[in-house]
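Student: Could we go through this structure together, one question at a time?
Tutor: Gladly! Here it is.

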Amino acid sequence: MAETTTAPAKVAVSMTVNGKQYTAEVEPRMLLVHFLRETLGLTGTHVGCDTSSCGACVVHMNGESVKSCTVLAVQADGAEITTIEGLGQDGQLHPVQEGFWEMHGLQCGYCTPGMIMTGAALLKRNPNPTEEEIRHALEGNLCRCTGYQNIVRAIQYAADKMRG
Amino acid sequence: MFPSAFEYHRPSSVQEAVQLLANNPEAKVLAGGHSLLPAMKLRLAAPAALVDIGRIPGLRGIQVSGDGSVVIGALTTYLDLLDSGELRQGYPIIAETANVVGDPHVRARGTLGGSLAHCDPAADFTAVMLALNASVKAVGTGGERIIPVDDLFVGLLTTSLNPDEIITEIHLPAVGGRKLGMAYEKHAHPASGYAVVGVAAVIEIDGNTAKSVRIGVTGAPEYAKRATAAENALTGQQLTADAIAQAANVATEGLGELNGDVYASPEYRAHLVRVMTRRALTRAAGLS
């Protein structure tokens with residue numbers, strides 16, 4: 001007789017995403033990125049490499065940038081999450097988003113949500129980064145189009161703008 | 001890419017966590033998850049259960065005592081280590097190393113206790129904790145004990161922790177009146193960022209003499225080990241470029257068979273061990 005297995009019990013999670021409270025029952029193995037994309041329909045966060053390398057899935061969790069493909073939804077229970085959809089406020093682009101627009105910081109756009117979330121997290125920690133510090137902060141984000149030059153410029157643009 | 005299904009446990013105390021481990025021999029401990037979850041997604045690991053210790057109170061934080069001894073909670077992240085001004089005073093090598101682990105997102109989630117318990121052959125902090133003569137507090141169903149890091153790493157991805165034991169704290173010795181020079185030199189893989197070879201050196205400096213020397217090597221040996229031949233060669237010597245070069249020349253002695261893969265042969269890694277040892281000792285001695 002074939003061995004039967006029962007699926008592990010689902011777990012209730014609730015978290016605040018872009019200022020809105022959500023509660024759902026999830027399989028323990030569900031990754032945060034899938035919770036955001038599939039359960040909540042927030043598809044701005046991308047899945048790139050799926051091996052914790054590329055950073056396309058970066059979101060902010062309790063104020064820090066994290067790879068949402070390497071966090072279980074159950075680990076984010078109770079957390080405050082910000083995704084690319086929640087970065088701009090009141091219909092205005094965030095300065096990093098504006099920087100990507102102004103400095104042509106993207107070509108295909110696939111890595112862009114993760115790049116922008118990473119840039120925004122950097123500027124919160126370090127409002128006046130050197131070019132080297134920007135490049136160091138981007139080590140966990142891969143772009144296959146731009147060669148990074150304009151991504152660095154976009155973040156510099158945002159830093160200038162945010163300093164006023 | 002999903003991991004295999006698993007039972008999820010979220011204990012609220014260390015006692016509850018170790019009891020769960022004792023009752024579930026197939027269970028794995030989940031801390032920051034930045035080694036375990038990638039392995040599970042690739043199905044290199046498929047534990048039947050996870051014991052998520054991430055919310056147990058009291059396991060995250062850094063305490064520096066008046067004598068310079070340090071207690072670091074196992075769940076302290078690399079970012080916490082990087083941000084601790086207090087830790088930077090006596091043990092600057094920790095922030096230096098935290099800054100080259102993974103990337104900012106990994107540093108926000110990965111934990112020091114997790115790194116030591118995982119014992120990855122290319123981890124950074126394994127070598128640094130060896131050089132710092134650190135020890136860990138391990139708690140199991142049978143009680144708690146202190147394990148010197150010298151006795152913690154015993155094989156590839158293998159520690160001397162019992163299956164029901166969890167690292168709860170990392171202890172660094174008192175600095176006291178000693179003058180310690182320290183440095184971590186890493187040759188990172190350009191794509192993964194992991195250490196192809198990393199060498200941590202800590203020298204107790206007395207005048208111009210190396211009173212004691214500890215060197216931890218990662219990336220090259222099967223698991224992080226001390227380069228005792230190089231330590232012995234430099235101990236008691238005047239800290240000169242020549243003495244450091246002679247010590248670095250014997251840095252691979254006693255490390256056993258070295259790792260080789262498509263990126264770096266054992267011979268190349270041996271070369272890197274000598275070069276990184278020389279650089280780390282030079283900087284630790286204040287000669288650079």
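Tutor: Let's begin with a term we will need: two strands pair if DSSP finds at least two bridges between them. Keep in mind, too, that this is a predicted model.

Student: In S3(B), which residue is the bridge partner of Val29(B)?
Tutor: Start with the strands: strand S2 (residues 27–30) of chain B pairs with S3(B) in the parallel sense, over four bridges. Within S3(B), the bridge partner of Val29(B) is Val51(B).

Student: Are the residues on the two faces of S3(B) buried or exposed?
Tutor: One side carries Ala49(B) and Val51(B), and the other carries Leu50(B) and Asp52(B). Both faces are covered, and these residues are all buried.

Student: Why does Leu44(B) count as exposed?
Tutor: Leu44(B) lies in the loop between helix H2 (36–41) and strand S3 (49–52) of chain B. Together with Met1(B) and Leu42(B), Leu44(B) forms a nonpolar patch on the surface. Exposed means over 50% relative accessible area. Leu44(B) counts as exposed because its relative accessibility is 70%.

Student: Why is one side of S11(B) and of S14(B) left without a neighbour in the sheet?
Tutor: Four strands of chain B form an open, antiparallel sheet in the order S11-S12-S13-S14. Strand S11 (180–188) and strand S14 (225–226) stand at its edges, so one side of each is left without a neighbour, as each has a single partner strand.

Student: Over how many bridges do S11(B) and S12(B) pair?
Tutor: For one position, look at Lys186(B), which stands opposite Gly198(B) in S12(B). S11(B) and strand S12 (residues 195–206) pair in the antiparallel sense, and the number of bridges is nine.

Student: How far apart are the C-alpha centres of domain 1 and domain 3 of chain B?
Tutor: The domain assignment gives domain 1 (7–50), domain 2 (62–172) and domain 3 (180–284). Between the C-alpha centres of domain 1 and domain 3 of chain B, the distance is 34 Å.

How values were computed:
Residues numbered from 1 in each chain as written. Chains lettered and ligands numbered in written order. Predicted model: local features only at pLDDT ≥ 70, side-chain atom pairs only at ≥ 80, totals over all residues. Heavy atoms only, no water. Patch = residues over 30% accessible without salt bridge, like charges linked within 9 Å, V, L, I, M, F, W, Y side chains within 5 Å. Areas by Shrake-Rupley, 256 points an atom, 1.4 Å probe, with all protein chains shown as cover. Salt bridge = Lys/Arg side-chain N within 4 Å of Asp/Glu carboxyl O. Buried < 20%, exposed > 50% of the residue type's maximum accessible area, 1.4 Å probe, protein only. Domains from an automatic or database assignment.
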